Amino acid sequence: MIAITRYRVPQGPEADDFQARIEPVLAALESSAGFRYGRLGRCVDEPDLWALVTEWEGAGYYRRALGAYEVRMAFIPLSALAIDEPGAYEVVKPG
């Protein structure tokens with residue numbers, strides 16, 4: 001399954017350090033069971049829109065990873081910037 005969390009990050013100082021602030025989140029997720037890969041992207045047409053995309057062996061692994069203390073401590077401070085929308089997707093055709 002893939003998980004996509006999109007962030008709306010205002011331009012200015014907050015945007016300048018967003019990548020550095022999300023790197024601990026990705027590092028914590030990478031150490032979780034069932035993690036396959038993760039990427040951070042920034043929208044070409046709307047530079048205040050970012051996406052954290054991760055792939056997991058299954059939804060249970062992803063949900064357990066989000067519950068881990070290290071992940072919560074890194075993720076929660078960024079939640080104010082997250083866009084409230086569904087983010088877990090079942091892969092129906094592998095690439």
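Is V9 buried or exposed, and at what relative accessibility? V9 counts as buried, at 0% relative accessibility. The legends below start there and move across a predicted model.

**View 1. V9 sits in a loop and is buried.**
V9 is found in the loop between β1 and α1. Its relative accessibility is 0%, so V9 counts as buried, the cut-off being under 20%. Beyond residues up to four places away in sequence, V9 touches E14, A15, F18, D48, W50 and L81. D48 is 39 residues from V9 in sequence. In space, the two C-alpha atoms are 4.9 Å apart.

**View 2. Four strands form an open sheet.**
The strand order is β2-β3-β1-β4. Pairing is antiparallel. Strands of a sheet pair through backbone hydrogen bonds. Seven bridges join β1 to β3. Seven bridges also join β2 to β3, which spans residues 49-56. Both of these pairs run antiparallel, β1 with β3 and β2 with β3.

**View 3. A hairpin connects β2 and β3.**
Six residues carry the chain from β2 to β3 in this hairpin. Across the two strands, R39 stands opposite V53 of β3. F35 has W56 as its bridge partner in β3. How many residues of β3 are buried? Six of its eight residues are, leaving the strand mostly covered.

**View 4**
The structure holds four aromatic pairs. W56 is buried because its relative accessible area is 0%, under the 20% cut-off. F35 has 15% relative accessibility, so F35 counts as buried too.

**View 5. E55 is a buried residue of β3.**
E55 lies in strand β3. Why does E55 count as buried? Its relative accessibility is 19%, and the cut-off is under 20%. Leaving out residues up to four places away in sequence, E55 touches M1, I2, G34, F35, R36 and Y37.

**View 6. G38 is partly exposed in β2.**
G38 lies in strand β2. At 22% relative accessibility, G38 counts as partly exposed. Neighbours within four places in sequence aside, G38 is in contact with L26, V53 and T54. W56 is 18 residues from G38 in sequence. Their C-alpha atoms are 9.2 Å apart.

**View 7. Y7, F18 and W50 make an aromatic cluster.**
These three residues, Y7, F18 and W50, form one cluster. Y7 and W50 are also linked through the sheet, since the bridge partner of Y7 in β3 is W50. F18 is one of the buried residues of α2. Both F18 and W50 are among the residues that V9 touches.

α2 has 13 residues. From first C-alpha to last, α2 reaches 18 Å, close to the 18 Å expected at 1.5 Å a residue. Which residues of α2 are buried? They are F18, I22, V25, L26, A28 and L29. These buried residues pack against three strands, β1, β2 and β3. They also pack against the helices α1 (13-16), α3 and α4 (69-75).

**View 8. R64 lies over the face of Y61.**
R64 is placed 5.2 Å from the ring centre of Y61.

Notes: Residues are numbered from 1 along each chain as its sequence is written. This is a predicted model: local features need pLDDT of at least 70, side-chain atom pairs count only at pLDDT 80 or more; totals for chains, interfaces and linings use all residues. Side-chain values use heavy atoms; hydrogens and water are left out. Buried means under 20% relative accessible area, exposed over 50%, partly exposed in between (1.4 Å probe, protein chains only). Contact means heavy atoms within 4.5 Å. Rings of Phe, Tyr and Trp (its six-membered ring) pair if their centres lie within 6.5 Å; planes under 30 degrees apart count as stacked, over 60 as edge-to-face and the rest as tilted. A charge sits over a ring if NZ of Lys or CZ of Arg is within 6 Å of the ring centre and within 35 degrees of the ring normal. The expected span of a helix is 1.5 Å times one less than its number of residues.
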